[in-house]
Amino acid sequence: MQRRDLLKAGLTAPILATPILARPALAQGGNSGATRARTLRFVPQAALTVLDPVFLSATISTTHGFCVFDTLYATDTKLRPHPQMAEGHETSEDGKRWTIRLREGLRFHDGEPVRARDCIASLERWASRDQFGQILRQSVAEWTAPDDRTLSIRLHRPFPALLYALAKPASVVPFIMPERIAKTPGDKPITEITGSGPWRFLPDEFNSGSRVAYARNERYVPRAEPADGASGGKLVHFDRLEWHIIPDGATAAAALKTGEVDWVEYPLPDLIPSLKQDPRLAFQVYDPMGFLGIMRFNHLHPPFNKAEVRRAVRDLVAQPDFMASVAAPGDWAECHAMLPCTLPGVESHAPVAPDLESARKIIRAAGVEGAKVVIINASDFAAIAPQGRLAAQLMRQLGFDVDLVETDWASVLARRTSKAKPGEGGWNILPTNAPSGSIANPAVNFAIRGNGEKAWFGWPEDPATEEAIDHWLYAPDAQAQSLALRRVQETSWNSVPFAPTGIFVLQTGFRADLSGVLQGPNPYLWNLRRA
């Protein structure tokens, strides 16, 4: 209650003692009326620490990637794939040959044309980093470029989900880069940010903790179709795009009210009722498919290397408490499943009546009573930080020795890669969220993959789920795929790669004179106009 009162006070108080526009991060680029009118100012969810959206799967890097790069195919708001850079494709009768034709006039920001060989190099690098890409690569016999505008993919066996792989909308997206850049090994971030997308990155103005700047790509040739999610025409009506990193939610809200910024990706839920009273502001659901809350376990080290301990924790998670901490009333629901409950075919388990004493008995029997549990929590990420604190409270109730390590999101991203023992720089629990679009089916759902060392952070090993995913991928018909999906849900629920904390939608806030705000698992920074 004290936190909410403090934040509300920040909205009703006089303008900040240090006006935002007086700060260097917002002062660069000129503040004349004409320049401001042609500049879109956006406050993202977190600082942009890694510029390579293939090297890092964080949503903030993906948002940056969609500004700078483009994709061969893209999904609409219902996750249906459509041609994007591609003009279209043909498939052989046996399904083992795909021929993709590029649209005319595609050019990179340096003026060079986009060629099929650029696409091949980009897809090969993406496949070295992404779980879905790795599955696809196992089916690819060869990638070839018969000419500059034609990409040919020969498969060992039919791969019905190929377009869904090329149109992957979140996490590690198959962005197309120049061949010289895409030849960078996948385990090293690229150093040159040159794409063919609607915005050009301005490296001289980049400051990870305060500011990211882009200029309109005047060479960009948008598709004729209306924008829909990540697909369709990416029309840019501003000359300049600026991201302003404002970690404090009350400060960001104040900047939105005064018009110093145009769009705040994640206004604090506590503040939205007050902000909605301002007729100069507008709100809409960020992504109707929502976000799945995830309490990720590290499977390499005690105590969560034992499935029975993970199950005991999962069954004690009070989802209403977790969800109420990050979403406004009416914007969340319980979801006891390994895939988002907003998607067809997903079955939510009935919640188990909490039984703390039974859970403690399981933990004692497993020999991990009183074990040290290190929770790494992003204190500057409003949709994550409260869940991490609730997780710490739950672990203490279970008798664990809790070390809640609260740092900025960038530090969490760095530490989550560590496989070291929790007390030596590693971790036990990672609270996070996943856009439903990034985990919408078994192939793209990084959180349920159980391929050990190759799995997402936490590194679960679950052969049963891996086998079920394989059956889903190569199912010959809809009925077989439906059965495989059910099996995936059964095996992953039993294995407990993570504990779901509920599903929620977030509202995004912007100035009422800004139109064309799209919905999807990422903010799409095109299709926007100022009245």
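How many of the residues of helix α4 (residues 59-68) are buried? Point 2 has the answer; a few ground rules go ahead of it.

1. **What you are looking at.** This is a predicted model, where local features need pLDDT of at least 70 and side-chain atom pairs count only at pLDDT 80 or more, while totals for chains, interfaces and linings use all residues. Residues are numbered from 1 along each chain as its sequence is written, and side-chain values use heavy atoms, with hydrogens and water left out.

2. **Helix α4.** For α4, 10 of the 10 residues are buried, so the helix is largely enclosed by the rest of the structure. Buried here means under 20% relative accessible area (1.4 Å probe, protein chains only). Among them are His64, Phe66 and Cys67. The cover over these residues includes β8 (199-201), β9 (211-216), β10 (240-244) and β17 (429-435), going by contact, meaning heavy atoms within 4.5 Å.

3. **Overall build.** The protein chain has 17 helices and 21 strands. These are DSSP runs numbered from the N terminus: helices are H or I of at least four residues, strands E of at least two. A compact globule of 531 residues would have a radius of gyration near 24 Å, and the chain's 23 Å agrees. That radius is taken over C-alpha atoms, and the globule rule is 2.2 Å times the number of residues to the power 0.38. Of the 531 residues, 58% count as buried.

4. **A four-stranded sheet.** Have a look at the open sheet with order β4-β5-β7-β6 and antiparallel pairing. Two strands pair if DSSP finds at least two bridges between them. β4 (86-91) and β6 (140-147) are at the edges with a single partner strand each, so one side of each has no neighbour in the sheet. On average, neighbouring strands are turned by 20 degrees against each other, direction ignored.

5. **Inside that sheet.** Five bridges link β5 (residues 97-102) and β7 (residues 150-155), which run antiparallel. Thr99 sits opposite Ser152 in β7.

6. **Helices on the sheet.** Helix α5 (residues 116-129) lies across β5, β6 and β7, at about 160 degrees to β6. Helix α6 (residues 131-139) packs on the sheet too, touching β6 and β7, with its direction at about 85 degrees to that of β6. Axes are lines fitted to C-alpha atoms, for helices over the stretch in contact, and angles run from 0 to 180 degrees between N-to-C directions.

Note on methods. Buried < 20%, exposed > 50% of the residue type's maximum accessible area, 1.4 Å probe, protein only.
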